[in-house]
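Please read these points with the model open beside you.

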Amino acid sequence: MTPVSDIAALAERYDLVVVGAGPAGLSAAARAADLGLSVLLADENPAPGGQIYRAVTTTPVTERAVLGDDYWRGADIVARFERAAATYAPRCTVWSLTDDPAAPGTFEIGLSLDGKARIIGAAQVILATGAQERPFPVPGWTLPGVMTAGAAQIALKSAGIVPSGRTVIAGCGPLLYLLASQLAAAGTEIVAVLDTTPRANWLKAAAALPDFLRSPYLAKGMKLMVATRAKLRFVSGVTGLAAAGKDRLTEVEVARGGRTETIACDTLLLHQGVIPSVNLSNAAGCAHDFDEAQHCFVPRVDSWFASSVEGIAIAGDGAGIGGAESAALRGEIAAFDAARRLGRLTPEERDRQAAPISAELERCLRGRRFLDLLYRPAPQFLSPPRDDTIICRCEEVTAGQVRDAAKRLGVVGPNQMKAFLRCGMGPCQGRLCGPTVVELIAETRGTTPAEVGYYRLRPPVKPVTLAELAALPATEGAVKAVVR
Amino acid sequence: MTSGPRSADVIVIGAGIHGCSTALHCAMRGLSVVLIEKDHAGRHASGVNAGGVRQLARHVAEIPLSDASMEIWHRIAELVDDDCGFTSDGQVMVAEDEADLEACRDRVADLNLRGFRHEEMIDAKELRALVPAVSETCPGGVISRRDGAAIPLRATQAFKRKAESLGVAVHEGVRVKTVRRDGADWRVVTDAGDFLAPRIVNAAGAWADRIAADLGEPVPLEPIALMLMITAPMAAFIKPVVILRGRVLSFKQFDNGTVLIGGGHRGTPLRDENRTILDWRKLAISARTVWELFPIMRDATIVRAWAGIEGRMPDDLPVFGPSARHEGVYHQFGFSAHGFQLGPGAGAVMAEIIATGRSNVPIDGLGIGRFPQAH
């Protein structure tokens, strides 16, 4: 692996550009380099690992038990990548991915590194941009003191920082237990874990139970769940949540079994599962479908994780949530196919080499459906019933405003909603409001999220400064002149 | 098959701001109207343009239509029950040097001779007062004080909703396959069945050449994709919309502090796929121009860039008015990336021509007959 810290040192084009250095991206880049492709792995973080293995080579948290064995497995994936002949650009933000009109079938990628922007070419692209937390819009979620559980995890992994004061963790999903156990082990004072998993989900998930019982999730998950439940105060069957406080969070209101209880706290961590991070794939024009089981928009991919745009593949949780182990396997599979598209592998050779990995992937994903069905959030946590709940934090748009526009102005989709309320037009590009806006429109108009569709996202997928853009070399020839 | 009437007095093809405005004004004149749109109202150029409501620097052939339109813009809420986000803080054309300024003087003198008074010269002092952030080296410019800006998709949808409330049958998501004569009527064949009317309006924007060709009036329309980009909110520093005399740039700060940068650099339109490809190297040219002229913008962050698909004619003038070949066919397209301001007035004039056969607003020089192959 060759690290690059100066954008001018990047090649003009690569056989393959991989975006994101989580398990999928690291594995894809390593495999593709081993197959002889020229590979650039671009990632916006300072160190490899992505979200799940964030800072695995640099974390100040050295007590192995705090983050758990699964976390430290990431070190092997990073080590393998470091041995591969790929170029690695950390702190590098990819903000645009478009077809190259001058060379149809290949791509132009806009990226920024250390305050400078450049456009480079790629014959193949693998997006390994992973997942983001599903928005969890409850009243008061914009108060200081409320944050997502994932944000708390970033602080823990990258800087060894844990929330201060009395902490409440609320929501649902397998990661909720993991985070509660990691934070508790790191010394956080957790006063309650509020479980919003709807009780009815157990019935819905029952049909998928047999697969789950044979899956690797089971042993791991149960152990974690039992251990965490034994140590912490667990409140299940929570049907309503609101963060309260004047200038900052002082308490959380919990509705349960028809009664409301108040818990005093200093920090509230919200989490109701993860969904694919679709901004780059969406802006690149890849088709997305609404996945009913995971209840989110997911890029349309084939069994090689190729998207609807020829030459762009999507590996890892970005192609539908499957977890860290499956992400690494998906990255490998996508890399085999990239090599086949470039003529470096025959289809037969690709199939032969990928077969054991595909089999492992299937084993790895067994039982996923059970988790998807069990931890599907309750409707009131997807489309907030209270009209004054803010759903777009960038533009401060409320649930009531979206309902009103859908009803009174006949707004049928999120793209039109932008023109009326500006939701989705702030710097987050809809990451925090998109799923909720879709839910609210669907609910108000009596239709489904699949029918409503999602935002058409625009580049730059991550903000780029005017200065970076103004300094963009006018032609590739000019870049060469500078490099010389 | 979609529900609603299959025949009407008028069928309008295309629900951009022009199609919606013409449909609305026809309905106000008591005509029954079917409005057909392949996507949704304002999906393309009408919904994603810069929102400029501009008379400044228009070709003289368009000024009468533009005048009619400006009257409507200044009372837009009375017409469509929505202010469309319209604000009027003027538009200013900046001269970057003495040669630019001389050209501005000639232009304003020519307009005055023709009896148009909406453009006025301003000196360096007034320019700096209106646009404090502009570079010290600019010697002056031209202002059109009644100009301003609106929110494009909101405006287009307001016209659609008002038209619908007056009985216009709006069919969105319905694609016109072909148009042909059927006795005294025109038969508009769509993927949702046929529609019949004695009069049809071709307001199909970047796709209008296909309808025109079907009617035996081929035109040299070029689909184009004009690129725009917008910044994160910045402290308020500019009220009017600013355009440059000599370079491709337009510039507008909204009330929420975001700054829209556009002006005319083009990406690649893929009109059969309903999408565009941005050209960041050209957007970088806009960024450099802004960097030079507006030092205050040097810390700005670009959060979004996009392009809409529009139809451009070789002379940059719209095709507006009755067909050169057929009774009952009217064209309203090819606005060449400056049609948004014209929409409200052009719809009123078109409805008048359809209903009465004539209009007092001159439209000379805009007919389809100016393209030889259309005869």
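1. Two strands count as paired if DSSP finds at least two bridges between them. Strand E1 (residues 10-13) and strand E2 (residues 33-37) of chain B pair over 4 bridges, in the parallel sense. In this pair, B:Ile11 stands opposite B:Val34 of E2(B). Please keep in mind that the model is predicted.

2. The sheet itself comes next. In chain B, 6 strands form an open sheet in the order E8-E2-E1-E12-E21-E20. The pairing is mixed. Strands of a sheet pair through backbone hydrogen bonds, either parallel or antiparallel.

3. Which strands of chain B stand at the edges? They are strand E8 (169-172) and strand E20 (319-322). Each has a single partner strand, so one side of each is left without a neighbour in the sheet. On average, neighbouring strands of this sheet are turned by 15° against each other, direction ignored.

4. Now the domains. Chain A is divided into domain 1 (2-132 + 275-345), domain 2 (135-272) and domain 3 (383-452). Taken over C-alpha atoms, the centres of domain 1 and domain 2 of chain A are separated by 30 Å. The contact between these two domains of chain A involves 9 residues of domain 1 and 9 residues of domain 2. On the domain 1 side, the classes are 6 nonpolar, 2 polar and 1 charged.

5. Check helix H12 (residues 347-365) of chain A. A kink of about 45° lies at A:Ala354, shortly before the proline A:Pro356. A:Ala354 is also one of the buried residues of H12(A). What do the buried residues of H12(A) pack against? Their partners are helix H9 (216-231), helix H11 (324-341) and helix H13 (368-374) of chain A. After H12(A) comes A:Gly367, with a positive phi near 95°.

6. Last, the contact between the chains. How many residues does each chain give? Chain A gives 24 residues and chain B gives 28 residues. On chain A, strand E5 (92-99), helix H16 (414-421), strand E23 (464-465) and helix H19 (466-470) each supply at least two residues. H19(A) has the largest share of that side, 4 residues. By class, the side of chain A has 15 nonpolar, 7 polar and 2 charged residues.

How values were computed:
Residues are numbered from 1 along each chain as its sequence is written. Chains are lettered from A and ligands numbered from 1 in the order in which they are written. This is a predicted model: local features need pLDDT of at least 70, side-chain atom pairs count only at pLDDT 80 or more; totals for chains, interfaces and linings use all residues. Two residues are in contact if their C-beta atoms, placed from the backbone, lie within 7 Å. Ala, Val, Leu, Ile, Met, Phe, Trp, Tyr, Cys and Pro count as nonpolar, Asp, Glu, Lys and Arg as charged, and the others, Gly among them, as polar. Domain bounds come from an automatic or database domain assignment. Axes are lines fitted to C-alpha atoms, for helices over the stretch in contact, and angles run from 0 to 180 degrees between N-to-C directions. The bend at a residue is the angle between axes fitted to the seven residues ending there and the seven starting there. A residue is buried if 20 or more other C-beta atoms lie within 10 Å of its own, exposed if 12 or fewer, and partly exposed in between; C-beta atoms are placed from the backbone.
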